[in-house]
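Me: Could you walk me through this structure with some questions and answers? I am new to this, so please keep it friendly.

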Protein chains: 2
Amino acid sequence: MTAAEAAAKIRDGALTCEALTRSCLERIEARDATVKAWLYLDKPRAIAIARELDKRAPMGPLHGLPLGVKDMIDTCDMPTTHNSPVFQDYRPARDAACVAVARSSGAVILGKTDTLEFAAAGRRAATRHPQNAAHTPGGSSSGSGAAVGDRQVQLAFGTQTGGSHIRPASFNGIYGLKPTWSSVSREGAKQYANSLDTIGWYGRSVDDLTLVAKAFRLHEAGEIASPDIASLRVAWCRTPFWSKIEPAGEAALEAACARLAQAGASVTELVLPPLFDGMFEAQNTIMMAEGRASFLDVALEFGDRLHGDFHERVDNALGITPERLLAAYDLAATARKAFEALYADFDVVLTPASCGEAPESHYSTGDHVFNAMWTLLHVPCLAIPCTTGPKGLPVGVQVVAPRQADARLLAMAQAMAPVIDHETPRYAHIA
Amino acid sequence: MTAAEAAAKIRDGALTCEALTRSCLERIEARDATVKAWLYLDKPRAIAIARELDKRAPMGPLHGLPLGVKDMIDTCDMPTTHNSPVFQDYRPARDAACVAVARSSGAVILGKTDTLEFAAAGRRAATRHPQNAAHTPGGSSSGSGAAVGDRQVQLAFGTQTGGSHIRPASFNGIYGLKPTWSSVSREGAKQYANSLDTIGWYGRSVDDLTLVAKAFRLHEAGEIASPDIASLRVAWCRTPFWSKIEPAGEAALEAACARLAQAGASVTELVLPPLFDGMFEAQNTIMMAEGRASFLDVALEFGDRLHGDFHERVDNALGITPERLLAAYDLAATARKAFEALYADFDVVLTPASCGEAPESHYSTGDHVFNAMWTLLHVPCLAIPCTTGPKGLPVGVQVVAPRQADARLLAMAQAMAPVIDHETPRYAHIA
């Protein structure tokens with residue numbers, strides 16, 4: 001059952017919030033020792049909140065829906081550890097803005113999901129891939145991606161600074177939206193890079209993603225009719241980083257193109273101009289340079305107790321000069337404008353969401369080379385499950401629209417998803 | 001005594017942190033009923049912290065220096081009310097990043113200063129201009145500007161999204177730095193507009209500003225020698241918004257130019273290309289559009305208890321379209337590049353810090369028309385006191401450098417300040 005289906009049943013009185021919350025908690029109970037997606041759960045509290053929601057009129061689009069929160073996002077009634085040894089006892093006094101909006105929209109905040117330390121570097125999440133514990137579920141939104149992928153919860157918040165949100169969606173066979181930069185407040189989520197940090201969410205369908213977009217009042221969310229697939233002009237894009245693609249990633253992109261073409265969509269190739277070649281490096285330059293300021297307070301406060309990765313950022317170990325940083329900012333600005341000018345010739349860009357399947361690793365969370373450029377472009381990105389790789393793990397693709405066109409992207413994805421994502425149920429062997 | 005002078009005396013053992021803190025508290029005691037700069041003070045705690053600092057080795061550049069914090073910046077040991085009726089009981093569990101850095105550098109966090117509600121709109125600060133209680137001290141950093149101007153404390157944090165930091169510096173006859181956007185973490189300060197919000201600080205000299213810049217490890221801060229004034233190429237700039245200048249603002253700019261020229265600097269006029277004409281409107285568009293997301297959580301949480309100004313932002317009362325927002329973003333990006341290209345012909349830009357003197361008002365905090373463009377350009381801006389207006393109130397000017405050139409701006413300002421700011425003591429009549 002998707003979140004949107006559950007929401008409809010709750011609205012119709014066919015399902016209680018409490019029953020839905022309990023079913024999530026039961027699934028977590030059965031699976032958490034293997035998947036390790038959660039850093040904190042307060043089951044009695046979640047049930048009590050769900051019960052209260054059952055008694056009252058619908059609060060908003062997320063009424064009664066359980067939601068997982070990446071543990072670098074503040075919650076007023078749960079610890080926020082950032083998966084950092086130095087934040088184990090931290091209990092924020094207020095919810096992060098995104099959590100407050102979700103609560104005001106009726107969501108049941110189920111618990112906190114494991115994450116790469118501060119969603120940036122340092123300590124890895126303990127989370128394992130739900131289908132193969134030798135593999136990473138991706139990161140930094142490891143727990144949120146795995147929990148939704150493993151059907152422990154329908155909705156969860158992740159974040160993306162490089163590729164932390166869309167990549168885990170691909171690896172876990174789920175849907176994910178990284179909205180336009182700055183269209184959702186990231187107050188109360190750990191800051192890494194001002195120009196990049198974005199709150200995103202996972203769901204099990206495009207409708208699920210739209211529900212949350214409505215809660216955040218993204219411009220026209222849920223108000224645009226899904227277009228006829230035959231009218232869609234899809235541009236598939238290898239990106240300048242194609243040398244990093246793996247066979248499974250290439251197969252997913254090819255399958256998505258073939259399925260869309262067969263369904264009647266116009267499918268053409270988009271070759272980005274050379275201007276975009278430097279976008280991966282530019283994203284890294286900005287992330288590392290802005291990270292200097294973001295981790296200075298904890299570097300001074302915790303000294304040697306803080307992981308060396310963060311001291312490297314604060315100490316500018318890469319030796320990034322002001323000139324290099326400004327060149328990266330200016331390239332990004334030029335590329336944003338250039339990218340959107342290309343849309344005269346098509347409606348949506350289809351491109352890899354990850355290099356391929358989730359790697360076999362408990363350290364690497366995979367490469368963000370197919371995500372970083374889009375993050376820096378500030379454009380909305382939506383992950384759609386597509387194929388299964390040679391190891392039997394999911395591989396997704398992503399669709400991309402211009403900045404601020406989140407609602408249109410959701411509407412187009414609603415038309416494309418049934419065509420691209422046709423290998424359900426993907427998780428039959430663990431059900 | 002400036003902060004830098006006090007720091008030197010503390011280092012030499014000629015002054016204790018405790019004595020300095022007590023002298024600030026005494027001045028506040030004498031003046032607070034009139035100026036109303038502070039929303040919260042914990043005198044015994046400040047004295048206890050100062051006493052502890054007297055016992056230990058220097059912690060950093062701010063060792064023993066009292067510092068005021070604008071009350072929309074989180075403090076772990078004091079309330080953070082945002083001057084909002086709905087946040088009166090808020091006690092954050094952690095310091096904002098800038099407060100944590102200041103504490104780790106040895107600062108004594110003296111208390112919280114009054115502010116426009118959420119530093120954005122709504123309720124006005126109760127603070128009065130130290131020299132004339134019928135006038136505004138400027139805003140939104142009202143309390144910080146007035147407290148430093150009234151010699152109640154040497155250093156204070158402000159913030160700027162439109163003109164909230166530099167304008168109060170001008171009105172209160174003090175020095176202020178708004179550093180390059182994203183060079184100082186604003187985690188834990190209330191978010192208004194992601195693309196604009198910047199933490200700044202006030203001091204009583206350029207050296208004071210440099211001390212804080214060193215604490216934040218701004219690139220090369222304090223490492224660049226102050227240039228010979230005769231070698232400086234100064235470009236004075238009316239900006240495209242000159243029709244808003246008042247006689248006192250014009251007189252300040254003219255006086256600064258004349259004094260610099262007399263001291264041997266090269267002083268030429270910079271006329272910005274027409275591209276810049278739309279920058280004021282672009283700043284407002286971005287501020288209001290990003291404010292939609294920033295206040296959604298409190299709008300949902302507090303409903304009618306939240307001031308209507310914030311609901312206007314959340315509800316997009318201005319009807320800003322995605323196209324208009326993107327045009328504003330793209331104009332800003334183009335202007336950033338164009339502005340910095342102009343620097344081949346000069347070293348620093350000299351431009352109004354405010355329209356003129358502080359207006360006679362308890363509601364308006366003055367016009368940010370001479371600040372907004374620079375905020376949107378992301379460039380460092382430094383306010384220098386200059387003249388006295390017809391009502392006997394101070395009027396400053398500001399100097400502006402390219403992004404990331406904060407340290408060079410500080411070094412140049414150190415050469416220019418003794419020339420521009422020669423009407424000391426400005427506050428003789430209240431001393």
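**Fold and pairing**

Reply: Happy to! Chain A has 14 helices and 11 strands, where helices (H or I, at least four residues) and strands (E, at least two) are DSSP runs numbered from the N terminus. This is a predicted model, in which local features need pLDDT of at least 70, side-chain atom pairs count only at pLDDT 80 or more, and totals for chains, interfaces and linings use all residues. Residues are numbered from 1 along each chain as its sequence is written, while chains are lettered from A and ligands numbered from 1 in the order in which they are written.

Me: What share of the 431 residues of chain A count as buried?

Reply: A residue is buried if 20 or more other C-beta atoms, placed from the backbone, lie within 10 Å of its own. Among the 431 residues of chain A, the buried share is 63%.

Me: Which helix of chain B gives the most to the side that touches chain A?

Reply: Contact here means that the C-beta atoms of two residues, placed from the backbone, lie within 7 Å. By that rule, 34 residues of chain B are in contact with 34 residues of chain A. Helices H4 (97-104), H9 (279-294), H10 (296-302) and H12 (322-341) of chain B each supply at least two residues of this side. The one giving the most, with 6 residues, is H12(B).

Me: What relation do chain B and chain A have?

Reply: A rotation of 180° with 0.0 Å of shift along its axis superposes chain B on chain A, with RMSD 0.0 Å, by least squares on the C-alpha atoms of residues with pLDDT of at least 70 in both. That is the relation of a two-fold axis.

Methods:
Buried ≥ 20, exposed ≤ 12 C-beta atoms within 10 Å, placed from the backbone.
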